[in-house]
Amino acid sequence: MSKAYLVTVALFALAFSLASASDPAPLQDFCVALKDYSDKSALFVNGKFCKDPKLVTADDFYFRGLNIPGNTYNKVGSNVTNVNVDTFPGLNTLGISLARIDFAPYGQNPPHTHPRGTEILVVLEGTLFVGFVTSNTDNRLFTKTLNKGDVFVFPVGLIHFQVNVGKTNAIAISGLSSQNAGAITIANAVFGSNPPINLDVLTKAFQLDKKVVEYLQKEF
């Protein structure tokens with residue numbers, strides 16, 4: 001097998017791996033998602049039906065309400081307001097979305113992951129302690145304390161978190177490299193799955209007493 005052939009195969013493999021790392025590239029200028037799938041003129045592209053381009057207006061590319069604070073009165077003391085393809089149809093096929101994250105004093109956006117997108121976060125108000133953990137086997141932790149105007153990036157798929165370490169409310173805006181990056185909150189997924197994960201599995205995985213695991217499952 002020639003060296004040139006191996007190099008070509010390697011380059012193609014690299015290209016395909018990069019291509020699959022984010023949303024598929026759009027095949028037209030835009031594809032505003034349809035909420036009413038009964039429209040027979042619709043086209044199925046990138047997971048959402050497309051509105052007839054002739055019926056698209058400026059309002060399809062407009063979203064309002066991100067200035068409204070989210071309700072942080074909950075167990076974790078934070079609220080995420082998502083602006084993705086489900087709430088903003090004009091994002092369909094464009095490969096981007098964003099979110100407003102509100103934090104009560106000492107509130108947190110607990111450890112979670114976005115399986116389909118990289119996240120870049122900018123602090124608008126307050127002070128956040130943020131970080132992410134690399135994949136096995138290193139499991140290396142990267143952390144930083146962010147103040148107003150600071151920016152931090154969380155690579156796609158890696159577990160990450162944000163904590164308000166200040167005595168006042170904090171606000172951040174996150175941009176994501178997917179029209180719907182998804183979110184998996186680790187504790188909710190592991191201890192709050194439906195149906196529950198087998199008790200023996202979690203007991204051994206986390207090296208905990210069964211009573212502790214049962215307690216955690218009831219909490220989530």
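## A tour of the predicted model

Gln 207 is exposed, with a relative accessible area of 65% (exposed means over 50%, buried under 20% and partly exposed in between, with a 1.4 Å probe and protein chains only). This residue sits in the loop between α3 and α4, and its phi is positive, about 55°, although it is not a glycine.

Before going further, a word on the source. This is a predicted model, in which local features need pLDDT of at least 70, side-chain atom pairs count only at pLDDT 80 or more, and totals for chains, interfaces and linings use all residues. Residues are numbered from 1 along each chain as its sequence is written, and side-chain values use heavy atoms, with hydrogens and water left out.

**The chain as a whole**

The protein chain holds four helices and twelve strands; these are DSSP runs numbered from the N terminus, helices being H or I with at least four residues and strands E with at least two. Of its 220 residues, 31% count as buried. The accessible surface comes to about 13,700 Å², and 61% of that belongs to carbon and sulfur atoms (Shrake-Rupley method, 1.4 Å probe; for residues, only the protein chains shown count as cover). Among contacts between residues at least 6 apart in sequence, 69% join residues at least 24 apart, where contact means heavy atoms within 4.5 Å.

**Backbone details**

Most residues other than glycine have a negative phi, and most peptide bonds are trans. Here are the places in this model that depart from that pattern.

| Site | Feature | Value |
|---|---|---|
| Asn 136 to Thr 137 | cis peptide bond | omega near 10° |
| Asn 194 to Pro 195 | cis peptide bond | omega about 0° |
| Asn 139 | positive phi | near 50° |
| Gln 207 | positive phi | about 55° |

The loop between β7 (128-133) and β8 (141-146) contains Thr 137, and Asn 139 is also placed between β7 and β8. With 41% relative accessibility, Asn 139 counts as partly exposed. Pro 195, for its part, lies in the loop between α2 and α3 (199-206).

**The largest pocket**

Rolling a probe the size of a water molecule over the atoms shows where empty space is left. The largest pocket has a volume of about 630 Å³. On a 1 Å grid over the protein atoms alone, a pocket is an open set of points where a 1.4 Å probe fits, with protein on both sides within 12 Å along at least five of seven lines; points are joined across faces, edges and corners, and the volume is the space filled by probe spheres set on them.

Its lining is made of 31 residues, with Val 80, Asn 109, Pro 110, His 112 and Thr 185 nearest the centre; a lining residue has an atom within 4 Å of a point. Elements giving two or more residues include β3 (78-83), β4 (97-103), β11 (170-176) and α4 (210-219), while β5 gives the most, with five. By type, the lining divides into 16 nonpolar, twelve polar and three charged residues (nonpolar: Ala, Val, Leu, Ile, Met, Phe, Trp, Tyr, Cys and Pro; charged: Asp, Glu, Lys and Arg; polar: the others, Gly among them). Domain 1 (73-182) and domain 2 (183-219) each supply at least three lining residues, the bounds coming from an automatic or database domain assignment.

**A closer look at Thr 113**

Strand β5 also includes Thr 113, which is buried at 9% relative accessible area. Leaving aside neighbours within four places in sequence, Thr 113 is in contact with residues including Gly 157, His 160, Gly 182 and Ile 186. Thr 113 and Ile 186 are 73 residues apart in sequence, yet their C-alpha atoms are 7.6 Å apart in space.
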